[in-house]
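Hi,

Here's the model I promised to pass on.

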Amino acid sequence: MTGDEAIKYIESRTASTRLGLFRTRQILAMLGDPHKKLRFVHVAGTNGKGSACAMLSSVLMASGYRTGLYTSPYIRRFNERMQINGVDIPDAELARLTERIIPLVEKTDDPPSQFEVITAIAMQWFLEKGCDVVVLEVGLGGELDSTNVIDSPAAAVIMNIGLEHTEYLGNTIASVASAKAGIIKPGCPVVCYDSGSESAEVFRSRCREVGASYIPVDFSGLHRTAQSLDGQSFTLNGESYTIPLLGDHQLKNAAVVLKTVEVLRSRGFSISEAALKDGLCRTRWPARFELLRREPPFVLDGAHNPQCAEALKDGLSCVFPGRRFTMISGILRDKDADAMLSSLLPFANRVYCVTPDSPRALPAEEYARLIEERGVPASVCASVGDALRLALNGGEAVLACGSLYMAGEIENLYPQLMKDLLRRECKKRRAALSDDERERFSRQISERIAESREYKNASVILSYRATGTEAEVRLPDDGKLVAYPKTEPDGSMRALVPESADAFIKGAFGIWEPDPLRSRELSPEEIGLVICPCVGFSGRHRLGMGKGFYDRFLPKCVNAKAVAVAFETQHIAELPTQPHDFTVAAVFTEKGEYR
């Protein structure tokens, strides 16, 4: 079984919400009850629980604990749902554990749901990998959520409460709070977000009933001291902290985390003040007021209910006062569209409407009608990708929100689509240079390369032949061995040394490449310097043509430094990166070096 096959098996389980603990307990019992051998911080709530989990796990990692993190739903890829020390479960591990679970699932009296299967897999993985503590996010509700099979955790945390999943949890704040209160167990300290007297009384009552400690969070000493696009600093009771997450609501979420850390210290966890501050600074939580681009800004937020939309509204008002956005949005049918639109449409110039990838999705056509009734232009897009292309090509500030399902698609699509847009822009800028400018700038760039330490320290060099409007590299005749790339139909690249100046042929992309019949091949290990062309660059990040030849070849050049060549006009402020991208040692332009 492969990782993809494991995911398909899990997703083939029913996605319906069948609350109850019996099925999860039955599978875990057949696994030997791994959850009974682990320590947990259990986190419930309507809003903010994911952010709190991210901050808590980051703090625990910074404190030296091997930390498991279990969250839902995922944003970029399924494997995110379970992590250890910030690393997703590998495909091979997921496949192995799924194969182990399948025969157990077949033995159950009542077939388990997706979430129940995933929960069992996560518990087994966390135990096998020796986690010291697991930060465990509730999926839905609390009392009957499958994560609630655990015994009393080191701490229970209940975040902000609002109306959600009313068909399962009830249609009052008190009934929702009662479901969340189900994670409160005897002897367990319970940290509670200040969510109002109605829910607070439910939690106090439950704590009294089972003999747990009720610990409310006091926000009166919470004050923001600084804010930028990199995050915000604040003080709580005179102590200073910094988080990379934006929005007033994240300050309150951080205050809950700080109170939880106090509780964990009282329970024997060793968390120094330095580790606490470092962990908060290092927190990463995608699609929560996430800036994919700074200028013009592109804000991605998974806001999917009225409370989240109100928090996003406050964040936009604070960080981007007076700014209006092109919106990409899609929501689920069971969400309060009127309340969400009331919060967000004041920021919209126009909206590209999509249908999220969920059986509960509100069709984009219906959503667009609701928006246009409120006087904002709306267009229906066949896919998230179409909406994203239109928004990016508009060149304006972009806000994407409404559904975590949609946010995940944007996270995955944005880097490539943004790179395509930047390629077009950079090629236009490069082409706008005169022949004289290209000649003069190429000469200046070549001189800089020849004087660089990377060039002087290398005896074997892989360079390239310029094509079209690229900067041309002219290396001195100083006895160094110079090879050139030969691209192959299978996507690979070879380094060939031509036997003469005329031993070149036109390659597949119209580039002059060495003729294999009149050249000798070098192994990548022989190369000491690789000089790469690029369409654009940001700092030391190179934007290639998108074919990936250098991305695949450079990891093999274990003894080489890599540098890039570009005209200054190809410099861009921000460049989205992807896992296969590499950072060069320097970028040389006619005006200087970027190191």
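Phe325, Met327 and Ser329 point one way from β14, Thr326 and Ile328 point the other way, and all are buried (under 20% relative accessible area with a 1.4 Å probe, protein chains only; exposed is over 50%, partly exposed in between). β14 covers residues 325–329; strands (E, at least two residues) and helices (H or I, at least four) are DSSP runs numbered from the N terminus.

Bear in mind that this is a predicted model: local features need pLDDT of at least 70, side-chain atom pairs count only at pLDDT 80 or more, and totals for chains, interfaces and linings use all residues. Numbering starts from 1 along each chain as its sequence is written, and side-chain values use heavy atoms, with hydrogens and water left out.

On pairing (at least two DSSP bridges between two strands), β14 runs parallel to β15 (residues 348–353), joined by five bridges. Met327 sits opposite Val351 there. Getting from β14 to β15, the chain passes through helix α12 (residues 337–344) in a right-handed β-α-β crossover (clockwise from first strand over helix to second, with the strands pointing away from the viewer). β14 also pairs with β17 (residues 398–401), again parallel, over four bridges, where Thr326 has Val398 as its bridge partner.

Cheers
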